[in-house]
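Follow the strands first, then the loops and side chains. The walk below goes sheet by sheet.

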Amino acid sequence: MVITQPTVKGDINIEVALELFLDGRHVNITGDQIGSTIRVIIPKKFNWMELKIVNPLKIHIPLYYRGDLNFVLDIEGGEL
């Protein structure tokens, strides 16, 4: 997943690697990304879900960027 934050000097890109676990078992993530929103398709019913960040974040900042860096990683659930 890549979160992009536009700035005057260029885009800041933050790469996030995620893994999905359902009831303690690793499950391949399927879904799609529109902008910085990701929709994950859960393949089966579960009692417990874990979404883990598995690698350090990779942050790509324009060379001459000066200023704050803030981003939010929100996780929402819902039923269809």
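Strands E1, E2 and E8 form an open sheet, in the order E1-E2-E8, and the pairing is antiparallel. Strands here are DSSP runs of E, at least two residues long, numbered from the N terminus; helices are runs of H or I of at least four residues. Two strands pair if DSSP finds at least two bridges between them. Strand E1 (2–7) and strand E8 (58–60) stand at the edges with a single partner strand each, so one side of each has no neighbour in the sheet. On average, neighbouring strands of this sheet are turned by 15° against each other, direction ignored. Axes are lines fitted to C-alpha atoms, for helices over the stretch in contact, and angles run from 0 to 180 degrees between N-to-C directions.

This is a predicted model: local features need pLDDT of at least 70, side-chain atom pairs count only at pLDDT 80 or more, and totals for chains, interfaces and linings use all residues. Residues are numbered from 1 along each chain as its sequence is written, and side-chain values use heavy atoms, with hydrogens and water left out.

Look at the E2–E8 pair. Three bridges join E2 and E8 in the antiparallel sense. Glu15 has Lys58 as its bridge partner in E8. In general, strands of a sheet pair through backbone hydrogen bonds, either parallel or antiparallel.

Now the other sheet. Three strands make an open sheet in the order E4-E3-E7, again with antiparallel pairing. Its edges are strand E4 (25–27) and strand E7 (49–53); each has a single partner strand, so one side of each is left without a neighbour in the sheet. The twist averages 35° from one strand to the next. Strand E3 (residues 18–22) and E7 run antiparallel, joined by five bridges. Phe21 has Glu50 as its bridge partner in E7.

Between strand E2 (10–15) and E3 runs a loop that holds Ala17. Ala17 is partly exposed, at 27% relative accessibility. Buried means under 20% relative accessible area, exposed over 50%, and partly exposed in between (1.4 Å probe, protein chains only). Which residues does Ala17 touch, not counting those up to four places away in sequence? They are Lys52, Ile53, Val54 and Asn55, where contact means heavy atoms within 4.5 Å. Leu69 is 52 residues apart from Ala17 along the chain, and their C-alpha atoms are separated by 19 Å.

Leu18 lies in strand E3. Leu18 is partly exposed, at 26% relative accessibility. Leaving aside neighbours within four places in sequence, Leu18 is in contact with Met1, Ile29, Leu51, Lys52, Ile53 and Val54.

The loop between E3 and E4 contains Asp23. Most residues other than glycine have a negative phi. Asp23 is not a glycine, yet has a positive phi of about 50°. Its relative accessible area is 37%, so Asp23 counts as partly exposed.

Where is the largest nonpolar core? Ile3, Ile12, Ile14, Val16 and Tyr65 make it up, five residues in all. Such a core is a set of buried Ala, Val, Leu, Ile, Met, Phe, Trp, Tyr and Cys residues joined through side-chain atoms within 4.5 Å. Beyond four places in sequence, Tyr65 touches Thr7, Lys9 and Ile12.

The structure holds one salt bridge, meaning a side-chain nitrogen of Lys or Arg within 4 Å of a carboxyl oxygen of Asp or Glu. Arg39 forms it with Asp32, and the closest N and O atoms are 3.1 Å apart. Arg39 is partly exposed at 48%, and Asp32 is partly exposed at 30%.
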